[in-house]
Amino acid sequence: MPSSLTVYRRKSPVSRVATSTGFTAYDMPFPVATINVTEISLTKRYPETGWTLNKVSDMVVKILEGRVVLYLKAEDKITLSEGDTVHVPKNTPYYWQPRVSVKMFVVSTPPWNEDQQTLLP
C-alpha cells in the first residue's frame with residue numbers, strides 16, 4: 001500500500017469524545033490538515049435543547065445506520081435514512097433527532113474543533 005494512504009480499520013486508534021447523554025463521537029486522527037473525520041452515534045436529540053451551528057466548518061454527513069431527522073432553523077426538517085448524505089454549510093442552525101438511534105460518518109472542512117461550535121436558544 002502506498003505510504004500516502006491512511007486506512008482506518010475496526011481497531012484503529014481513535015479519540016472518543018462524549019459531549020452529552022446519548023451523544024458519542026469518535027474522532028479519527030487524519031494526516032490531511034484540511035479535513036476532520038468523525039463517527040457519531042446518537043440515541044437522543046443533539047443538542048439536548050435549542051440549536052447548534054458551526055461558525056467555521058462545513059459538514060458532509062452520511063447516515064451509516066438508523067434514521068434521523070435534521071431540523072434546520074430556516075428550512076423546516078429533513079428525514080435521513082441509512083445511505084443518505086447531506087451537506088450542512090457553516091453558520092446553519094440545526095439539531096438532530098434520531099428515530100431510536102443513528103450512526104453517522106461526518107467529514108468537516110476545515111477541521112472541526114469545539115471552539116467553532118455554538119449553542120443557540
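Predicted model: local features only at pLDDT ≥ 70, side-chain atom pairs only at ≥ 80, totals over all residues.
1. N91 sits in the loop between β7 (85–88) and β8. The phi of N91 is positive, about 65 degrees, although N91 is not a glycine.

2. A positive phi also turns up at V100, where the value is near 75 degrees and the residue is again something other than glycine. V100 belongs to strand β8. With a relative accessible area of 72%, V100 is exposed. Such angles deserve a remark because most residues other than glycine have a negative phi.

3. Next come the cis peptide bonds. The bond from Y46 to P47 is cis, with omega near -10 degrees. P47 is in the loop between β3 and β4 (51–54).

4. The bond from T109 to P110 is cis too, and its omega is near -10 degrees. Here the proline, P110, is placed in the loop between β8 and β9 (117–120). These bonds are listed because most peptide bonds are trans.

5. How many salt bridges does a search of the whole structure find? The search finds 1. E39 forms a salt bridge with K103, and the closest N and O atoms are 3.8 Å apart. E39 is part of strand β3 (residues 36–42) and K103 is part of strand β8 (residues 94–109), so the pair ties together parts that are 64 residues apart in sequence.

Terms used: Residues numbered from 1 in each chain as written. Heavy atoms only, no water. Salt bridge = Lys/Arg side-chain N within 4 Å of Asp/Glu carboxyl O. Helix = DSSP H or I, 4+ residues; strand = E, 2+ residues; numbered from the N terminus. Buried < 20%, exposed > 50% of the residue type's maximum accessible area, 1.4 Å probe, protein only.
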